[in-house]
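Dear colleague,

I am handing over a structure that you have not worked with before. Please have a look at it first, and then read the notes below it.

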Amino acid sequence: LVTAANFHTFCADLVRQAERPLPDTSARDYWDRLLPDAAAGAIAEITTRYDAILVDEAQDFRGDWWLLVEEMLADADRAQLHLFSDAQQDLYGRDGALPFEQPLCVLKRNCRNTAQIAAFARGAIGLADEAGGGRLPPGPEPVIHVVDSDRAEHDAVRRTLHELVGEQGVAPAD
(Lines give C-alpha, C1' and ligand atoms only; values in the text may rest on other atoms or scores of the structure.)
Protein backbone atom coordinates (compact mmCIF):
# COMPACT_ATOMS: atom_id res chain seq x y z
CA LEU A 1 0.00 0.00 0.00
CA VAL A 2 1.41 3.38 -1.03
CA THR A 3 -0.25 6.54 0.23
CA ALA A 4 0.76 10.07 -0.75
CA ALA A 5 -0.92 12.97 1.02
CA ASN A 6 -0.22 16.06 3.02
CA PHE A 7 -0.44 15.59 6.77
CA HIS A 8 -3.95 16.98 7.19
CA THR A 9 -5.41 14.96 4.31
CA PHE A 10 -3.75 11.90 5.84
CA CYS A 11 -5.39 12.69 9.20
CA ALA A 12 -8.82 13.15 7.61
CA ASP A 13 -8.42 9.83 5.79
CA LEU A 14 -7.65 8.07 9.08
CA VAL A 15 -10.78 9.54 10.67
CA ARG A 16 -12.88 8.45 7.68
CA GLN A 17 -11.41 4.92 7.72
CA ALA A 18 -12.51 4.61 11.35
CA GLU A 19 -15.94 5.85 10.25
CA ARG A 20 -15.81 8.68 12.74
CA PRO A 21 -17.09 12.20 12.12
CA LEU A 22 -14.58 14.86 11.17
CA PRO A 23 -14.24 17.79 13.58
CA ASP A 24 -15.86 21.12 12.77
CA THR A 25 -13.65 22.65 10.05
CA SER A 26 -14.58 26.18 11.12
CA ALA A 27 -13.14 25.69 14.62
CA ARG A 28 -10.09 27.82 15.36
CA ASP A 29 -7.84 24.87 16.31
CA TYR A 30 -9.04 22.56 13.52
CA TRP A 31 -5.69 22.26 11.71
CA ASP A 32 -3.30 22.30 14.67
CA ARG A 33 -5.20 20.25 17.24
CA LEU A 34 -8.70 19.01 16.42
CA LEU A 35 -8.02 17.12 13.19
CA PRO A 36 -4.72 15.55 14.34
CA ASP A 37 -6.33 14.59 17.68
CA ALA A 38 -9.29 13.00 15.87
CA ALA A 39 -6.85 11.03 13.70
CA ALA A 40 -4.87 9.88 16.74
CA GLY A 41 -8.10 8.69 18.32
CA ALA A 42 -9.03 6.77 15.18
CA ILE A 43 -5.77 4.80 14.90
CA ALA A 44 -6.85 2.02 17.26
CA GLU A 45 -9.88 1.31 15.06
CA ILE A 46 -8.04 0.84 11.76
CA THR A 47 -5.62 -1.84 10.63
CA THR A 48 -3.61 0.12 8.07
CA ARG A 49 0.06 0.46 9.00
CA TYR A 50 3.15 1.30 6.97
CA ASP A 51 6.61 -0.26 6.65
CA ALA A 52 8.02 3.15 5.76
CA ILE A 53 6.88 6.73 6.15
CA LEU A 54 8.55 9.68 4.45
CA VAL A 55 7.77 13.17 5.73
CA ASP A 56 8.79 16.17 3.65
CA GLU A 57 8.81 19.67 5.18
CA ALA A 58 9.14 18.16 8.66
CA GLN A 59 10.01 21.58 10.06
CA ASP A 60 6.33 22.50 9.64
CA PHE A 61 5.14 19.75 12.00
CA ARG A 62 4.12 20.24 15.60
CA GLY A 63 6.08 18.09 18.04
CA ASP A 64 2.98 16.22 19.20
CA TRP A 65 2.09 15.14 15.64
CA TRP A 66 5.03 12.73 15.60
CA LEU A 67 3.26 10.37 18.01
CA LEU A 68 0.51 9.91 15.43
CA VAL A 69 3.03 9.35 12.63
CA GLU A 70 5.00 6.82 14.67
CA GLU A 71 1.79 4.95 15.59
CA MET A 72 1.20 4.38 11.88
CA LEU A 73 4.43 2.38 11.54
CA ALA A 74 3.90 -1.37 11.21
CA ASP A 75 6.89 -2.36 13.32
CA ALA A 76 8.66 0.29 15.39
CA ASP A 77 11.92 -1.69 15.38
CA ARG A 78 12.08 -2.39 11.63
CA ALA A 79 9.94 0.24 9.94
CA GLN A 80 11.61 3.26 8.42
CA LEU A 81 10.80 6.87 9.19
CA HIS A 82 12.56 9.41 6.96
CA LEU A 83 12.22 13.13 7.64
CA PHE A 84 13.30 15.96 5.39
CA SER A 85 13.56 19.28 7.18
CA ASP A 86 14.99 22.74 6.55
CA ALA A 87 14.79 25.26 9.40
CA GLN A 88 15.25 28.06 6.85
CA GLN A 89 11.87 27.11 5.38
CA ASP A 90 9.89 27.07 8.62
CA LEU A 91 6.60 28.66 7.53
CA TYR A 92 4.44 28.20 10.61
CA GLY A 93 6.72 28.65 13.63
CA ARG A 94 5.43 25.50 15.31
CA ASP A 95 7.55 23.91 18.01
CA GLY A 96 8.75 21.46 15.36
CA ALA A 97 10.82 19.21 17.63
CA LEU A 98 11.76 16.19 15.52
CA PRO A 99 11.16 12.74 17.03
CA PHE A 100 14.85 11.80 16.83
CA GLU A 101 18.24 13.46 16.41
CA GLN A 102 20.30 10.73 14.74
CA PRO A 103 21.13 9.59 12.18
CA LEU A 104 21.32 12.94 10.46
CA CYS A 105 22.38 13.54 6.91
CA VAL A 106 22.97 17.13 5.90
CA LEU A 107 22.25 17.72 2.24
CA LYS A 108 24.81 20.24 1.06
CA ARG A 109 23.95 20.38 -2.60
CA ASN A 110 21.01 22.28 -4.03
CA CYS A 111 19.75 20.31 -7.00
CA ARG A 112 16.64 22.30 -7.80
CA ASN A 113 17.73 25.84 -8.58
CA THR A 114 20.11 27.67 -10.80
CA ALA A 115 23.03 29.46 -9.14
CA GLN A 116 21.31 32.81 -9.75
CA ILE A 117 18.01 31.77 -8.14
CA ALA A 118 19.79 30.22 -5.14
CA ALA A 119 21.87 33.37 -4.60
CA PHE A 120 18.80 35.60 -4.91
CA ALA A 121 16.75 33.48 -2.47
CA ARG A 122 19.54 33.32 0.10
CA GLY A 123 20.07 37.09 -0.15
CA ALA A 124 16.34 37.74 0.20
CA ILE A 125 16.30 36.06 3.61
CA GLY A 126 19.65 37.44 4.72
CA LEU A 127 21.87 34.38 4.36
CA ALA A 128 25.39 34.46 3.01
CA ASP A 129 26.05 32.81 -0.34
CA GLU A 130 26.35 29.07 0.05
CA ALA A 131 29.78 27.57 -0.48
CA GLY A 132 29.86 25.43 -3.58
CA GLY A 133 27.29 27.51 -5.44
CA GLY A 134 29.43 26.95 -8.51
CA ARG A 135 28.10 23.39 -8.65
CA LEU A 136 24.63 24.70 -9.48
CA PRO A 137 23.67 25.04 -13.10
CA PRO A 138 23.85 28.56 -14.51
CA GLY A 139 20.72 30.39 -15.51
CA PRO A 140 19.32 33.82 -16.16
CA GLU A 141 19.10 36.42 -13.44
CA PRO A 142 15.79 36.36 -11.55
CA VAL A 143 13.16 38.84 -12.69
CA ILE A 144 10.88 40.48 -10.16
CA HIS A 145 7.35 41.53 -11.02
CA VAL A 146 5.67 43.85 -8.54
CA VAL A 147 1.89 43.62 -8.72
CA ASP A 148 -0.96 45.18 -6.77
CA SER A 149 -3.76 42.64 -7.16
CA ASP A 150 -4.54 38.97 -7.66
CA ARG A 151 -5.54 39.71 -11.24
CA ALA A 152 -2.25 41.51 -11.94
CA GLU A 153 -0.37 38.57 -10.43
CA HIS A 154 -2.28 36.14 -12.66
CA ASP A 155 -1.49 38.26 -15.73
CA ALA A 156 2.22 38.50 -14.81
CA VAL A 157 2.47 34.71 -14.43
CA ARG A 158 0.61 34.17 -17.71
CA ARG A 159 2.89 36.59 -19.60
CA THR A 160 6.02 35.08 -18.08
CA LEU A 161 4.97 31.53 -18.97
CA HIS A 162 4.14 32.66 -22.52
CA GLU A 163 7.57 34.27 -22.85
CA LEU A 164 9.43 31.26 -21.46
CA VAL A 165 7.56 28.57 -23.41
CA GLY A 166 6.42 30.40 -26.52
CA GLU A 167 9.35 32.72 -27.15
CA GLN A 168 12.38 31.22 -25.39
CA GLY A 169 11.52 27.60 -26.18
CA VAL A 170 11.61 26.30 -22.61
CA ALA A 171 9.85 22.92 -22.48
CA PRO A 172 6.60 23.09 -20.46
CA ALA A 173 7.86 20.26 -18.24
CA ASP A 174 10.83 22.42 -17.23
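This is a predicted model: local features need pLDDT of at least 70, side-chain atom pairs count only at pLDDT 80 or more; totals for chains, interfaces and linings use all residues.

Residues are numbered from 1 along each chain as its sequence is written, and side-chain values use heavy atoms, with hydrogens and water left out.

Most residues other than glycine have a negative phi. The phi of Glu-19, however, is positive, near 55°, and that of Glu-57, in the loop between β1 (52–55) and α3 (65–71), is also positive, near 60°. Glu-19 is exposed, with a relative accessible area of 75%, whereas Glu-57 is partly exposed, at 31%; here buried means under 20% relative accessible area, exposed over 50%, and partly exposed in between (1.4 Å probe, protein chains only).

Ala-38, which belongs to helix α2 (residues 30–42), is buried, because its relative accessible area is 17%. Leaving aside residues up to four places away in sequence, Ala-38 touches Val-15, Arg-20 and Pro-23, a contact being heavy atoms within 4.5 Å. Although Val-15 and Ala-38 are 23 residues apart along the chain, their C-alpha atoms are separated by 6.4 Å.

The aromatic rings come next. Rings of Phe, Tyr and Trp (its six-membered ring) pair if their centres lie within 6.5 Å, and planes under 30 degrees apart count as stacked, over 60 as edge-to-face and the rest as tilted. By this rule there are 6 aromatic pairs. One of them, Phe-7 with Trp-65, is stacked, at 4.4 Å centre to centre and with 20° between the planes; this pair links distant parts of the chain, with Phe-7 in helix α1 and Trp-65 in helix α3, 58 residues apart. Both Phe-7 and Trp-65 are buried.

Phe-10 and Tyr-50 form a tilted pair, 6.1 Å centre to centre and with 55° between the planes. Phe-10 lies in helix α1 and Tyr-50 in the loop between α2 and β1, so this pair ties together parts that are 40 residues apart in sequence. Phe-10 is buried, at 14% relative accessible area, and Tyr-50 also counts as buried, at 9%. Finally, Phe-7, Phe-61, Trp-65 and Trp-66 form one aromatic cluster.

With kind regards

Notes: Helices (H or I, at least four residues) and strands (E, at least two) are DSSP runs, numbered from the N terminus.
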